[in-house]
Amino acid sequence: MVSPIPDFFQQRYGYAPLLVRAPGRVNLIGEHTDYNGGFVLPFAIDRRTLVALGARDDGMLRVASTFSDEVIELPLAELAAAQASGALRGWAAYPLGVAWALGVFGADLAAVPGADILIDSNVPVGAGLSSSAAIESAVAMALTDIWQLGFSRETLARVGQRAENDAVGAPTGIMDQSASLLGQADSAVFLDCRSLESQVVQLGFDAAGLAVLVMDTGVTHEHSTGGYGERRASCEAGAAALGVESLREIGIDELDRAGRILDDVTYRRVRHVVTENQRVLDTVALLETDGPTAIGALLDASHRSLRDDFEVSVPELDLAVETALENGAIGARMTGGGFGGAAIALVPIDGVSRLQVAVDGAFAEHGFGVPETFTVRPSEGAKREP
Ligand code: GLA
């Protein structure tokens, strides 16, 4: 599909833009581990944000999008004050927050030119597929290009996270931006969120005849409020009580000790994180030795742990996962932060349509809203368009 964005930009601003695309992500496994210094295994998907961007010589940032009529203008010189006073709001907080965060990481915002920024996205919003990280990654890469900052992809991931944490106000980890920036076709990004070292891990879904079906429940989640922050606080409290900097330091063999020290709820939060880290390591090892058909049980165990110990699932996600497992999936789990959003099923390619029908039927039977189901492919990370 040819994107109308370059023409739209040309018409609106009268010159040809630089184009950068950055994908959303699915997390294969490793949930609520990133902000605990743990392991994650996400992959970039074939749904993307496209950013068209051009330099302006008047020091002004002007952001527009194809999903809102709003055009926001802010002088670069006022960015820091706007961020400090909490004036960056709504969708524009993402691109403007990124511009601000590039300054935090060393860009001299008094010396760089302004920019016209136009954003288009086909990453579903609220599905837990990181539509926000896709915007952040694309804008970070495009501004880095015109501002000639030479920042690495790893630094851009941290810039995106900083924008999300401080401008948008969601206390999220580094996983989503890393997947969007470091992803490769047919592969996942195995990231150690303590050292920030990463490795590309071949998935081989196509070769094994497998597809990833996203089952978007339509239940929207909001990470800047509520449950996500509470879970994060519980993990921090657990780590403090156990005398470690992060839960990454706790091994499975220390869970007994944790059980004696912690209250029941905190213990279960800790047990999720500790066992989930191990499941990521096991998944990476199994992918290498036995291929993707062998990882189903680990995905299922991850879901149960998120449902029962971490308590971030919702009935719609549980139903999607159960229905998938009863209808031919080799593994299924909720993906992303939870409290709504989407679940994924790893399913033989020729079983996809049957599963879609089964999920629709199950949701109707339970009186839940109509889910959206679609397949995604592990895809290349952010890149400049030719
Ligand atoms: C959200 C956050 C990520 C991560 C996941 C849970 O997607 O943005 O940083 O914490 O939740 O794994």
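The legends below describe close-up views of the ligand site and the cysteines in a predicted model. Local features need pLDDT of at least 70 and side-chain atom pairs count only at pLDDT 80 or more, whereas totals for chains, interfaces and linings use all residues. Residues are numbered from 1 along each chain as its sequence is written, and side-chain values use heavy atoms, with hydrogens and water left out.

**View 1. The shell around the ligand.** The ligand is surrounded by 12 residues, of which Glu31, His32, Asp34, Asp176 and Tyr228 are the closest (a residue is near if one of its heavy atoms lies within 4 Å). By class, this shell has 4 charged residues (Asp, Glu, Lys and Arg), 3 nonpolar residues (Ala, Val, Leu, Ile, Met, Phe, Trp, Tyr, Cys and Pro) and 5 polar residues (the others, Gly among them). Domain 1 (5-199) and domain 2 (204-376) each supply at least three residues to the shell, with bounds taken from an automatic or database domain assignment.

**View 2. Ligand oxygens and side chains.** An oxygen atom of the ligand lies 2.5 Å from an N or O atom in the side chain of Asp34, and a ligand oxygen is also 2.5 Å from an N or O atom in the side chain of Tyr228. For the side chain of Arg25, the distance from an N or O atom to a ligand oxygen is 2.9 Å. The protein covers 97% of the 310 Å² of accessible area that the ligand has on its own (Shrake-Rupley method, 1.4 Å probe).

**View 3. Cys193 and Cys235.** The structure holds 0 disulfides (pairs of cysteine sulfur atoms within 2.5 Å). The sulfur of Cys235 is 13 Å from the closest cysteine sulfur, in Cys193, which is too far for a bond. Cys193 is buried, with a relative accessible area of 11%, and Cys235 is buried at 0% (buried means under 20% relative accessible area, with a 1.4 Å probe and protein chains only).

Conventions
A polar contact is a pair of N or O atoms within 3.5 Å; within protein, one must be able to donate a hydrogen and the other to accept it, and residues adjacent in sequence count only if both atoms are side-chain atoms. Buried means under 20% relative accessible area, exposed over 50%, partly exposed in between (1.4 Å probe, protein chains only).
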